[in-house]
2 protein chains.
Amino acid sequence: MTVKENLRPGGRSARVQASVHKAVRELLAEMSRAEVTIPLIAGKAGVTPSTIYRRWGDLQQLLADVAVDRLRPDMQPVDAGSGKADLEAWAEQYAEEMSSGPGREMIRDVLAAQASANACKCAEFTRQQVGLIAERAKARGEAFPDVERVMDQVVAPIMYRILFGDVPDAARVRDLVSRVMGAAL
Amino acid sequence: MTVKENLRPGGRSARVQASVHKAVRELLAEMSRAEVTIPLIAGKAGVTPSTIYRRWGDLQQLLADVAVDRLRPDMQPVDAGSGKADLEAWAEQYAEEMSSGPGREMIRDVLAAQASANACKCAEFTRQQVGLIAERAKARGEAFPDVERVMDQVVAPIMYRILFGDVPDAARVRDLVSRVMGAAL
DNA sequence: TCATAAAAGCAAATTATTTGCGTTAATAGT
DNA sequence: ACTATTAACGCAAATAATTTGCTTTTATGA
């Protein structure tokens, strides 16, 4: 079976997964990624390495699994009064979180895994957040660009620059937002 | 020392690097990436595993090194008559190459390595190609958007979609190009 | 309550990685 | 041209990670 689908909350599988994830998070907090190994994680989580190998396949998949969990947004985009202000605030925070050391590592983990399902999930999280901002704007009676256009013109450039070298600063992010908002109106 | 800087063409280091790269390319052509190991590469290249470990550190770095080599553009963007046509033709080919199976794997290899230098190089290759198109357009007396704007509005969306789930089709690519060309004029 | 099946533990076998040390080959100075 | 120097390589032993067969545990549903 695939990992994590249909785990009964109190089941053994769920407990193992929780303790393994926890062990990974703690180890990543206290040492560099190159030093984290499966036997180490297993030891800290109180399971045998073979359990991890059988469930996740390899370290890369496990790290991707943990990373996508941590990349799940934990709150709604803040309401800054208008669609443009909302998007601006959200995009700046997104850029900052994703370009931070841990953020970059999590993205890398997600993209490095062979299974692309995790990467899709991340994009889906982002799409949902943008969707919320769009809905709110429309409920206010404002014009707001299509979600896919925001993905193309705001999210993608931010992510591209984070992945391929330079970190986008706040001014550039604001610029991206004004451009897409200008085009929509 | 860092790999590949200042290698005399006929030196031993250069020969080792060439045979290792060749071995990697051949192995990747005949089996899946999960099956390629350093001892296997070493055997095929006629070197000992420890040589590879010492020079590249781990498989990830070696794969990234090979991938960035293969991602280097081997020709100039074709001249299609106008800046817009040039960019359209180039972007479509870029999207196609990068979203192909081997293309995606090479990108993944580059991004998965801990050193970000390789990823920067890839973005630089792309920037140069776009720069050539821009220069050609300006030499013709045409208006052409800033290279960074093309990176943001054409390259980044293509790459984002390839990495995070869906492959952009030709129509979408043309759409991205018309948008950035429209804004410039 | 019991039968079943999925997941985990254990341990042995295999495979990959690291490391110390001797050797080779390119480079620079005389 | 010859030799001293040094970086890179080969070899092999030691360590660490991964795989695998088999047994045991633990949810789940009849």
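Colleague: To begin, in which helix is the place of Leu163(B)?

Modeller: Leu163(B) has its place in helix α8 of chain B. Helices here are DSSP runs of H or I with at least four residues, strands are runs of E with at least two, and both are numbered from the N terminus. Please keep in mind that this is a predicted model, in which local features need pLDDT of at least 70 and side-chain atom pairs count only at pLDDT 80 or more, while totals for chains, interfaces and linings use all residues. Residues are numbered from 1 along each chain as its sequence is written, and chains are lettered from A and ligands numbered from 1 in the order in which they are written.

Colleague: Is Leu163(B) buried or exposed?

Modeller: Leu163(B) counts as buried because it has 25 C-beta neighbours inside 10 Å. The term buried asks for 20 or more other C-beta atoms within 10 Å of the residue's own, exposed for 12 or fewer, and partly exposed covers what lies in between, with C-beta atoms placed from the backbone.

Colleague: Which residues is Leu163(B) in contact with, leaving aside its neighbours within four places in sequence?

Modeller: They are Leu111(A), Ala119(A) and Ile107(B). Contact means that the C-beta atoms of two residues, placed from the backbone, lie within 7 Å. Ile107(B) is 56 residues away from Leu163(B) along the chain, and the C-alpha atoms of the two are separated by 8.5 Å.

Colleague: Two of those names carry an A. How many residues does each chain bring to the contact between A and B?

Modeller: Chain A brings 21 residues and chain B brings 21 residues. On the chain B side, α6 (101–112), α7 (117–139) and α8 (147–163) each supply at least two residues. The most come from α8(B), with eight residues.

Colleague: And what classes of residue are on that side of chain B?

Modeller: The side of chain B that touches chain A has 15 nonpolar, four polar and two charged residues. Nonpolar covers Ala, Val, Leu, Ile, Met, Phe, Trp, Tyr, Cys and Pro, charged covers Asp, Glu, Lys and Arg, and the others, Gly among them, are polar.

Colleague: What rotation superposes chain B on chain A?

Modeller: A rotation of 180° does so, with 0.0 Å of shift along its axis and an RMSD of 0.0 Å. This is the relation of a two-fold axis. The same surface serves both copies, since 100% of the contact residues of chain B recur in chain A. The superposition is by least squares on the C-alpha atoms of residues with pLDDT of at least 70 in both copies.

Colleague: Back to single residues. Where does Ala112(B) lie?

Modeller: Ala112(B) lies in helix α6 of chain B. It is buried because 20 other C-beta atoms are within 10 Å.

Colleague: What is Ala112(B) in contact with, apart from neighbours within four places in sequence?

Modeller: Ala112(B) is in contact with Arg108(A), Leu111(A) and Ala112(A), and also with Gln60(B) and Ala64(B).

Colleague: Now a change of topic. How many helices and strands does chain A have?

Modeller: Chain A has nine helices and zero strands. Its C-alpha atoms fill a box of roughly 60 × 35 × 25 Å along the principal axes. Of its 185 residues, 36% are buried. Among contacts in chain A with a separation of 6 or more, 63% join residues 24 or more positions apart.

Colleague: At what angle do α5 and α7 of chain A pack?

Modeller: Helix α5 (residues 83–99) and helix α7 (residues 117–139) of chain A pack at about 165°, with their axes 9 Å apart. Axes are lines fitted to C-alpha atoms, for helices over the stretch in contact, and angles run from 0 to 180 degrees between N-to-C directions. The two helices, α5(A) and α7(A), are therefore roughly antiparallel to each other. Angles over 145 degrees count as roughly antiparallel, under 35 as roughly parallel, 65 to 115 as roughly perpendicular and the rest as oblique.

Colleague: Which residues make that contact?

Modeller: From α5(A) come Gly83(A), Asp86(A), Leu87(A) and Trp90(A), and from α7(A) come Gln129(A), Ile133(A), Arg136(A) and Ala137(A).

Colleague: And in chain B, at what angle do α5(B) and α6(B) cross?

Modeller: The axes of α5(B) and α6(B) cross at roughly 80° and come within 4 Å. That makes α5(B) roughly perpendicular to α6(B).
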